[in-house]
Amino acid sequence: MSSLVRGSAFALCILLMIGVLPVQFCVPNGTYRYQVQIIALRKDDGTVATQFTRGQFVFVEVKLKNIMSYAYAAEPYLLIARATYSLTMYGLGAFSGSLTTGQEFNAMPAFVIPNNAPFGSYEVKVMVFSTWPSAGGIPIAASVTTTFTVIP
Amino acid sequence: MTRTMSGSGLSRRALIMLAILAFGFFLPLAYGQYGITVGTDKSQYTPGSIVTVSGTITPAGAGIDVGIEVRSPSSLAVWIDAVKTQAGGTFSSQFQLAADAAYGTYTVHASVSGSHGQSTFNVGAPAPPPPPAPPTSAVTIAVSKSLVEVGESVVISGAVSLAGVITVTIQVSSGSGPWTTLAQVPSSASGAYSYQWTPPGVEVVYSLRSTIPASGVYPSATSGVVAVTTTLLPGGAVNKTCNVTLPSGGTCTLQARSNSSSVSLSLNSSERKISVNVTGPPGTTGVLVLFIPNELLQGVGSTVEEMVFMIDGIEVTPTITAVAGGYLITLTYTHSTHTLDVYYDTHDLTVRVLDADGNPAPASVVVNLTGPVKRTGLTDASGVVVFTKLPTGSYTIEAFEVDEVGRVVLVISSPGQYSVQTTLGKIESDYEQLQASYQQLEASNQQLQANYTQLTQAMQQLQANYEDLQAANQRLQGDYDGLRTWFIGYGALSVVAAVVLVVLLMRARKAK
């Protein structure tokens, strides 16, 4: 009887551990799973550009690579391209997917320059999250920035 | 089923379970599990506001990646950012709400490894402006200079605290007199106003202030008081005044101001003359500014154009400035002691020069006028010469055509016409006669000269003859003397011979 109880308690503990670990077991901080390798801004005709006008699409070309050295499954990602003028966001493009270890992918989130966007220099910040922060997503790649100019 | 456990067995099992639970609790931290809190700097924003999202992770650590996302009331992402924590585990991200940001509750999410936190803030319409402050109004005043030379302008300026064009009333008071409106000027859009004013009078202290009337929006306001003093000369000068009784019975006041060390001012109403005696350090330049009121000129029917100015009897041309109420006469001189005369009422004189026969003299006869002033003129073809601006007084009029040919002395107390009878024609005929006599005399003189020459020659001849005669005379005298001696001897001898002869004769007779 005692061995049965002991065995049951041990099994219960194991089950508890198994029940907790999947939800809290995360990759330690400071170790990015993805890397933004190439970034370029393109117009809707595909040409690389640094100057755009209001109403134009800005395609943010990002080459994303899963740089994990080990994984047993594809890692999901959410690629965000955010355009700001001063502190105001005027464009937001997103793209999500998943890559396995060593796999690369060219993503091209895009946004339209609003008609009320001020003329001048804009910053594009490309961020990669595990998912939307509102859903608990955290950065999983170093952010990369570039600039473009909105001209009349 | 009965379940029994020994105490030692129970404790052992509890310890095993506790160890397993502790392992399950600490294991996540070893793999980067953090707690997170997030918030905003304010709970209420307006569109266009800058929102600062900040938070802290626990346990504190620097360089930890945090995802931030802000969603609008309609769940649109309005901000997303990836930041790293600072020392102490703090993080922040700042963004600006769009100008057309939707009103409502926004949700701020922050995620760190193993944890997610959120907070909210509201975006609403800007708070209504505070009720307007009770209306106030104010007006200021200033003058460009407080000591103004007579005739000089001063700029009165200031500002109104109210927006828009406000009519500013500038008021003036002299001495203790009442306030009177000097001018009404509109303020500019910025509230500034200005007005250029030439204060009348001399040595008058004016007080100035500005007012704005009340309206239904703002109350009235009055500025402080500024003073303006009119002066003839800047500070340090000597002031003199002289009250004058006018022919009409009224009075006026002469004023003189000078940098001379001694100034005396007097007026001779019969001569219509203002006299100022000044004395100052020799060699320095003296300035006299004399204010002549209009009443003085009008009282004698004169004008400024008729005035004559003299320094030590010599006519000068001063600077004349028309000012309110009169004229400023500015005279300069080199200091010693001087008498400055201003004849404020003068006359015109027409002199007609006639010859001895009463006919007009020919042109270009010089006519000298000597009196309070000295003038010289030439007659025109009608024998007339006109003198203007003559002060009242006694004058000697002399007509010259090389020599003085006429003279008259008269007292000029009013404009008039005078004739000078000259000996011009008589002199001319006398001259011609004299000329003829002279020529005759000249001829006689020449004749006399010739006669004289002849006489001289004759005299010289006579002189020579005389000398010859004198020499002959001397010789004759010698001869005479010789002869006389001889004669005396001879006579005596003759007498003796005669006597002898007589004796002899007598003897002879006797002898007979």
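Trainee: Which ring does Arg54(A) lie over?
Mentor: Arg54(A) lies over the face of Phe119(A), at 4.1 Å from the ring centre. Bear in mind that this is a predicted model.

Trainee: And Arg71(B), where does its charged end sit?
Mentor: Over the ring of Trp132(A), with 4.9 Å to the ring's centre. Arg71(B) also has a bridge partner in E7(B), namely Thr107(B).

Trainee: How many bridges join E4 and E7 of chain B?
Mentor: There are 6 bridges between strand E4 (residues 65-71) and strand E7 (residues 104-112) of chain B, and the two strands run antiparallel.

Trainee: What is the strand order in the open sheet of chain B?
Mentor: The order is E2-E8-E7-E4-E5, 5 strands with mixed pairing. Strand E2 (44-45) and E5 of chain B are the edge strands, each pairing on one side only.

Trainee: Switching to aromatics. What's the count of aromatic pairs over all chains?
Mentor: The count is 13. In one of them, the ring centres of Tyr45(B) and Phe121(B) are 5.0 Å apart.

Trainee: Why is that pair called edge-to-face?
Mentor: Because the ring planes of Tyr45(B) and Phe121(B) are at 80 degrees, and planes over 60 degrees apart count as edge-to-face. Tyr45(B) lies in strand E2 of chain B and Phe121(B) in strand E8 (residues 115-123) of chain B, so the pair ties together parts that are 76 residues apart in sequence.

Trainee: Are Tyr45(B) and Phe121(B) buried or exposed?
Mentor: Tyr45(B) has 1% relative accessibility and counts as buried. Phe121(B) is buried too, at 1% relative accessibility.

Trainee: Which residues of chain A form an aromatic cluster?
Mentor: One cluster is made up of Phe52(A), Tyr85(A), Tyr90(A), Phe111(A), Tyr122(A) and Phe148(A).

Conventions:
Residues are numbered from 1 along each chain as its sequence is written. Chains are lettered from A and ligands numbered from 1 in the order in which they are written. This is a predicted model: local features need pLDDT of at least 70, side-chain atom pairs count only at pLDDT 80 or more; totals for chains, interfaces and linings use all residues. Side-chain values use heavy atoms; hydrogens and water are left out. Two strands pair if DSSP finds at least two bridges between them. Helices (H or I, at least four residues) and strands (E, at least two) are DSSP runs, numbered from the N terminus. Rings of Phe, Tyr and Trp (its six-membered ring) pair if their centres lie within 6.5 Å; planes under 30 degrees apart count as stacked, over 60 as edge-to-face and the rest as tilted. Buried means under 20% relative accessible area, exposed over 50%, partly exposed in between (1.4 Å probe, protein chains only). A charge sits over a ring if NZ of Lys or CZ of Arg is within 6 Å of the ring centre and within 35 degrees of the ring normal.
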